[in-house]
Structures are given as C-alpha cells and as structure tokens.
Amino acid sequence: MNDLSILNRNILSHIRRYLHATGRLLFCKMFFSLAVILFFFSCNPQPDKKNTTAEKTASPADVLTEKIKNDPGNPDLYFERSRWSLSMKKTAAAESDIRKALSLDSTKSDYYLLLADICFAGFRIPEAELAFKKSASLNPSNIEAFLKLAELNLYMKKYEESVANANEALRIDKHRGKI
C-alpha cells in the first residue's frame, strides 16, 4: 500500500470514531459512502476528451469536402474550400480548387480575384495580371480588383498603369478624391 492510501484510511478512521462517539452513526455511514464514491471517481481515469471531441469536430476542409461529395457541381463549394486552403498556406490545393470552380462557372469575378491572389503570392506575375484584369472586366465595380491590379502594376514598375487602376478604384468609390 502506498502512503496516501494509509493516510486516507487513518483520517477516515478518526472521522468515523469522532462521529460515532457523538452519536451520529447514520450521518457517518452516509458521509463515508459519499467519501468512498468520490474517492473512486477521482482515482479512475477519465476518458480522453480530446479524442471524443475530435471525432465530433471536423475541420472546415472536411466539412466542405463532404459537401462537395454531395454536390460536386457547385462551384461555390470549391471556391470556399480554396479560400480556406489559401488561409492555411496550402496554395497547391487552393489553386486546384479555384481552377475547378472556374471550370464550373467562369462568370464570377471573385473566382478570378482569388486565382489572381494565388498566382501573385506565387510570383507568377503574368498569370496574376490576366486574372486580375478578367476579374475587373467581369465586375467593373469591383474596387478590390482594381486596387490589387494597381498593386501588381506598382510591383512590375508600371507606374502609369498603377495610377490609372488606383484612379479607377477611386472613381468607383465616389466618396474619395483622385490621386
């Protein structure tokens, strides 16, 4: 026996003698029953809560993958999974998904914008420029496309085009002035 169990037995023995001596035998039996039950519950290993919650909680990619299995013709699901993959720095998976979304629906400006972001992040500048321009042409009121195109042109040292794209974004946002 270890020292802790001997100490617990001695303490419980002293408490029992005290309670019995004061005429509280019934209370003593209930107290000891409760103490024993609590002691056994505290000594038994608890189930691993990480494993049980991990089984119940799926990652956003897993949820989207399941939705894609159920509806493989929905380009928005590929777009959402692509955005999630990019946020997790999984650029290959992000590019694969956005290209699948574009093959299903090539009329969405946001899809080209995400493709351009992926290409720009990978320093594939000509491809990023084409995708930004396609995004801007599909949605001429998309300020973000013009601002990112201005940033790309600035990176490529095409200053006049950069200013023209920034001015176009400002023209769309009538609450601001020209550069």
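Which helix holds S135? Select helix α8 (residues 125-138) and S135 is found there; helices here are DSSP runs of H or I with at least four residues, numbered from the N terminus, while strands are E runs of at least two. This is a predicted model, in which local features need pLDDT of at least 70 and side-chain atom pairs count only at pLDDT 80 or more, whereas totals for chains, interfaces and linings use all residues. Residues are numbered from 1 along each chain as its sequence is written, and side-chain values use heavy atoms, with hydrogens and water left out.

**Stop 1: S135**

Stay on S135 and show its surface. S135 has a relative accessible area of 0%, so it counts as buried (under 20%; exposed is over 50% and partly exposed lies in between, with a 1.4 Å probe and protein chains only). Next, select S109: its side chain and that of S135 are joined by a polar contact of 2.8 Å. Such a contact is a pair of N or O atoms within 3.5 Å; within protein, one must be able to donate a hydrogen and the other to accept it, and residues adjacent in sequence count only if both atoms are side-chain atoms. Leaving aside residues up to four places away in sequence, S135 touches S109, Y112, L113, N142 and A145, where contact means heavy atoms within 4.5 Å.

**Stop 2: α8 against α9**

Axes are lines fitted to C-alpha atoms, for helices over the stretch in contact, and angles run from 0 to 180 degrees between N-to-C directions. On the α8 side, the contact residues include F132 and S135; on the α9 side, A145 and F146 are among them.

**Stop 3: S87 and α5**

Move to S87, in helix α5 (residues 75-87). Is S87 buried or partly exposed? At 47% relative accessibility, S87 is partly exposed. Select W84 as well: its backbone oxygen lies 2.6 Å from a polar atom of the S87 side chain.

**Stop 4: α5 against α6**

Finally, show helix α6 (residues 91-104), which packs on α5 at an angle of about 160°, with the axes 8 Å apart. The pair α5 and α6 is therefore roughly antiparallel. Residues to pick out in this contact include Y78 and F79 of α5 and I98 and L104 of α6.

Key: Parallel < 35°, antiparallel > 145°, perpendicular 65-115°, else oblique.
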